[in-house]
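Please take a moment with the sequence and the structure before I start talking through them.

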Amino acid sequence: MNRVPAAVLSILLIGATLSPLVRNPNDDSYPLSTYPMFSWRRPTQLSMSYPIGDTPTGRRYLTPRIIGSGEVLQARAIVERAVSRGGTELRTLCERIAATVATVPRFSDVTQIRIMSGTHESIDFLVRDKLGPETERFHCPVKR
Amino acid sequence: MKRIADWWFAPAPAERLAALRVVIGLYALVYLWRRFGEFLNVANLPVSQFQGVGLTKWSGPLPASAIAVMLVVTIIALIAFVAGALYRYAAPIAALGLLFVTTYRNSWGMVFHTENLLVLHIVALAFAPAADVWSIDARYRAPRPHAGYGWAIKLVVALTAATYMLAGIAKLRIAGFGWVDGALLRNQIAIDNLRKVLLGDSKAVLATPFLEHPSFFTAFCALTLMLELGAGITLVGGWPARIWALAVWGFHLGVVLLMNIWFIYPLSFVAFLPVFPVEKVILRAQEWRRRRRG
């Protein structure tokens with residue numbers, strides 16, 4: 001490769017990588033990303049749905065994999081979709097989680113699964129262990 | 001113009017570019033090999049969840065079997081890429097394959113930002129004379145005349161710099177200079193960790209102690225912006241580029257400790273090797289082996 005094609009390739013690749021500069025920064029893509037992560041203004045309050053395991057001594061949070069995906073965001077999407085559709089889908093999710101929990105030794109003290117929707121002040125929750133208001137959407141027993 | 005061209009095409013050892021081909025190619029190969037199942041699982045998700053980005057906007061969803069074939073072809077091409085075998089043909093196939101399969105993984109409603117730089121590096125190396133030494137090709141044919149090796153190494157470095165600069169510019173475009181006060185990042189870290197706790201994932205080790213001290217985030221944000229917007233310094237080369245690389249590696253470590261988000265490619269340090277004389281390690285190892293054999 002002599003200098004001309006090498007220069008053309010260099011300009012094309014660098015130009016393509018920098019091309020997101022002319023796009024709306026919120027218009028993300030792959031692999032030519034605007035890299036907008038960590039840039040958006042976020043409230044400190046978070047409303048979301050999640051399953052919890054009830055034990056004789058209190059609640060336990062489960063794991064994304066038990067919910068249905070190793071990825072946190074995909075696990076969240078699974079719960080949110082079931083909650084928004086309700087009915088059979090929510091029951092199926094709860095029972096599937098309960099069936100999985102029944103097979104995991106470190107969750108042997110969990111007797112019931114509850115699908116909750118809650119709104120928490122993130123810093124209060126993490127720093128001061130203060131929970132926000134929660135609503136129970138569905139519950140099902142863990143059968144062993 | 002001539003000065004820019006002379007700088008861009010300044011000579012560099014063939015071994016340096018070859019070492020980058022081997023190390024970055026090997027990283028991509030192991031990455032894809034270890035995530036083969038995960039890439040296939042994603043291809044089996046319901047089509048209703050498909051949201052094309054980049055290349056997959058045109059291709060649309062494909063049968064899982066097609067993705068499996070593409071993964072196998074890409075892995076074989078990456079083996080040839082690392083070995084420097086039939087490089088002229090195998091390397092572009094590896095680059096295109098890696099681009100497509102990672103794009104496909106990013107086409108299900110969530111664009112990750114962990115594979116972009118790796119793909120850009122592989123694409124740049126695929127079209128560079130990176131198999132003139134330390135390769136199977138080099139045993140059977142003499143290198144064709146070309147523009148040298150320095151430009152290709154600079155191109156890989158420039159792509160690294162561009163991605164970090166874009167991340168810095170995005171913060172200013174979306175949030176403005178107010179991003180530096182740290183409140184936005186603190187909220188982001190708090191929300192991200194809360195989401196993890198509620199779904200039972202591990203909370204970042206340093207999240208809670210630092211959330212209690214908001215002033216820390218101002219310093220962290222100022223440093224982040226300085227490193228991202230100052231990424232162009234890598235093109236100067238030498239110790240400024242190496243200090244930048246070490247500082248950015250430290251920044252990624254900070255992201256792990258505060259958010260438990262792992263950007264594996266930069267954390268492995270492979271992404272920053274282009275600013276180091278990486279071939280010297282291999283040459284010294286060869287020299288040491290030669291001396292031991294007498």
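Predicted model: local features only at pLDDT ≥ 70, side-chain atom pairs only at ≥ 80, totals over all residues.

What is the mean pLDDT of chain B, and what share of its residues reach 70 or more? The mean is 93, and 100% of the residues of chain B reach 70 or more, where pLDDT is the predictor's confidence in each residue, from 0 to 100. Residues are numbered from 1 along each chain as its sequence is written, and chains are lettered from A and ligands numbered from 1 in the order in which they are written. The model scores ipTM 0.92 and pTM 0.88. Within chain B, the confidence is lowest in helix 3 (residues 36-43) of chain B, with a mean of 87, and highest in helix 7 of chain B, with 98.

Let me stay with chain B for a while. Its secondary structure consists of 15 helices and 0 strands; helices (H or I, at least four residues) and strands (E, at least two) are DSSP runs, numbered from the N terminus. The C-alpha atoms of chain B fill a box of roughly 60 × 50 × 45 Å along the principal axes. For 294 residues a compact globule would have a radius of gyration near 19 Å, and the 21 Å of chain B agrees with that; this radius is taken over C-alpha atoms, and the globule rule is 2.2 Å times the number of residues to the power 0.38. Of these 294 residues, 45% count as buried, and a residue is buried if 20 or more other C-beta atoms lie within 10 Å of its own, exposed if 12 or fewer, and partly exposed in between, with C-beta atoms placed from the backbone.

Chain B is assigned two domains, domain 1 (1-148) and domain 2 (150-294), and such bounds come from an automatic or database domain assignment. The C-alpha centres of domain 1 of chain B and domain 2 of chain B are separated by 22 Å. Where they touch, 26 residues of domain 1 of chain B are in contact with 23 residues of domain 2 of chain B, and two residues are in contact if their C-beta atoms, placed from the backbone, lie within 7 Å. On the domain 1 side, the largest share, 8 residues, comes from helix 2 of chain B.

Now to chain A, which has 5 helices and 4 strands, running from the N terminus in the order α-β-β-α-α-α-β-α-β. How spread out is chain A? Its radius of gyration is 22 Å, well over the 15 Å that the globule rule gives for 144 residues, so chain A is more spread out than a compact globule. The C-alpha atoms of chain A fill a box of roughly 75 × 35 × 30 Å along the principal axes, and buried residues make up 31% of the 144 residues. Chain A is divided into domain 1 (1-40) and domain 2 (45-141), and the C-alpha centres of domain 1 of chain A and domain 2 of chain A lie 40 Å apart.

A hairpin of 2 residues joins strand 1 of chain A to strand 2 of chain A, and Asp54(A) stands opposite Arg59(A) in strand 2 of chain A. In the loop between helix 1 (3-18) and strand 1 of chain A you will find Pro31(A), which is joined to Tyr30(A) by a cis peptide bond with omega of about 0°. Asp129(A), although not a glycine, has a positive phi of about 55°, and Asp129(A) is exposed, with 7 other C-beta atoms within 10 Å.

Finally, how many residues does each chain give to the contact between them? Chain B gives 52 residues and chain A gives 49 residues. On the side of chain B that touches chain A, the largest share, 14 residues, comes from helix 9 of chain B. By class, that side of chain B has 34 nonpolar, 12 polar and 6 charged residues; here Ala, Val, Leu, Ile, Met, Phe, Trp, Tyr, Cys and Pro count as nonpolar, Asp, Glu, Lys and Arg as charged, and the others, Gly among them, as polar.

Terms used
Pairing = 2+ DSSP bridges.
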